[in-house]
Amino acid sequence: MERCSFGKTKDGREASLVTMKNENGMTVSVTDYGATLVSIRVPEGDKTTDVVLGYDSAADYEKNDGFLGAVIGRNGNRIGTASFTLNGRTFQLEKNEKENNLHSGSSGFDKRIWNTELLEEENSVRFTLHSPDGDEGFPGNLDVTVTYTLTEENGVRIHYQAKGDQDTIVNLTNHSYFNLAGHDRKGTIEDHVLWVDADFFTPTDADSIPTGELRPVKGTPFDFTVPKRIGLEIDVEDEQLKSAGGYDHNMVLNRQGEGVRKIASVSCPARCMAMDVYSDLPGVQFYAGNGLGDTKIGKGGAAYERRRGFCLETQFYPDAIHHAGFPSPVLKAGEDYDTVTEFVFHRE
């Protein structure tokens, strides 16, 4: 395990980069700036392929309006009207996407320098952060831990933990963009093949806020219950796809309450590379990178064009605080938030 400088932020804060390696030659790099996943280099013969989009320094991540690789908190995804009521009190959040709140605002956990602990025996890096009462508009003091582990099975396990002294919303996720052909390869991820264990999805309004409906995927472009190319139906005439510019929707995962289970698989036939996703959460946001564009210059000068990467953000459903029928994102005072997501890579 190696730790080195990752540069400084514009206000002079020092950031560091930690790289883990397993016996198979796979390496994973994470930074304390935003507890961000910077790279995953998967063995491919006598070489490795970096399958995560990212940047070369903390200064670049400061301009990371696409949230590449970042831990999102306190709440991942959207909250309609940028406000919510909890225990009779109304809390106002930043309106950073039209009239709504996206990923907690412009000064979320992805913009913080986290405390770092190296757990060399476990091949893990533990990041911790204290979020004070009122942070980003959310109630209560909250202590957060995010632990990255590189396994000998070529898995990248992310363990999220949190505890607060007041009832609050907690919905942590990781916003990595993957391209199994390599982050710097030209072309889109539309030829990747996706399977998601979800019989329903949550349709949204014109501002990407869920309507509250759980809509069956059968007979729609959102049916990935049988493996399908991401690009096969991404541009068909469909009001949901048209509104979002492609896939950017929460998939309602099956087998909820069964703990950590396989929820999705993606493969890149051209590279014989595949990734399986495991989680204990009820939903996953499938985003096809519709908002990426030529202004995003990544690691080594790679141009991250539209749909260069995809995201599978495990989560509670977007805007769940406003929908009684959705699994609740409320963490009660003194209770433990404890959830795991793992990305496992293998050759096909």
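**Figure 1. Lining of the second largest cavity.** Tyr-33, Thr-36, Tyr-61, Asn-64, Phe-67, Ala-70, Asp-110 and Lys-111 line the second largest cavity (on a 1 Å grid over the protein atoms alone, a cavity is a set of points where a 1.4 Å probe fits but cannot get out, and lining residues have an atom within 4 Å of a point). The model is predicted: local features need pLDDT of at least 70 and side-chain atom pairs count only at pLDDT 80 or more, while totals for chains, interfaces and linings use all residues. Residues are numbered from 1 along each chain as its sequence is written, and side-chain values use heavy atoms, with hydrogens and water left out. The second largest cavity holds about 40 Å³ of space (a volume is the space filled by probe spheres set on the grid points, which are joined across faces, edges and corners). Its lining has four nonpolar, two polar and two charged residues (Ala, Val, Leu, Ile, Met, Phe, Trp, Tyr, Cys and Pro count as nonpolar, Asp, Glu, Lys and Arg as charged, and the others, Gly among them, as polar).

**Figure 2. The largest cavity.** About 50 Å³ of space lies in the largest cavity. Residues lining the largest cavity include Asn-75, Arg-78, Ile-169, Tyr-317 and Pro-329. By class, seven of the lining residues are nonpolar, three polar and two charged.

**Figure 3. The largest pocket.** The largest pocket contains about 310 Å³ of space (a pocket is an open set of points with protein on both sides within 12 Å along at least five of seven lines). Of its 17 lining residues, Asp-65, Arg-78, Leu-102, Tyr-177 and Tyr-287 lie nearest the centre. The lining comprises five nonpolar, seven polar and five charged residues.

**Figure 4. The aromatic pair of Phe-6 and Tyr-61.** The whole structure has 16 aromatic pairs (rings of Phe, Tyr and Trp, the last by its six-membered ring, pair if their centres lie within 6.5 Å; planes under 30 degrees apart count as stacked, over 60 as edge-to-face and the rest as tilted). The ring centres of Phe-6 and Tyr-61 are 6.1 Å apart and the planes are at 40°, so this pair is tilted. Phe-6 belongs to strand β1 (residues 2-8) and Tyr-61 to helix α1 (residues 58-62), 55 residues apart (helices, H or I of at least four residues, and strands, E of at least two, are DSSP runs numbered from the N terminus). Phe-6 and Tyr-61 are both buried (under 20% relative accessible area, with a 1.4 Å probe and protein chains only).

Definitions and conventions:
Buried means under 20% relative accessible area, exposed over 50%, partly exposed in between (1.4 Å probe, protein chains only).
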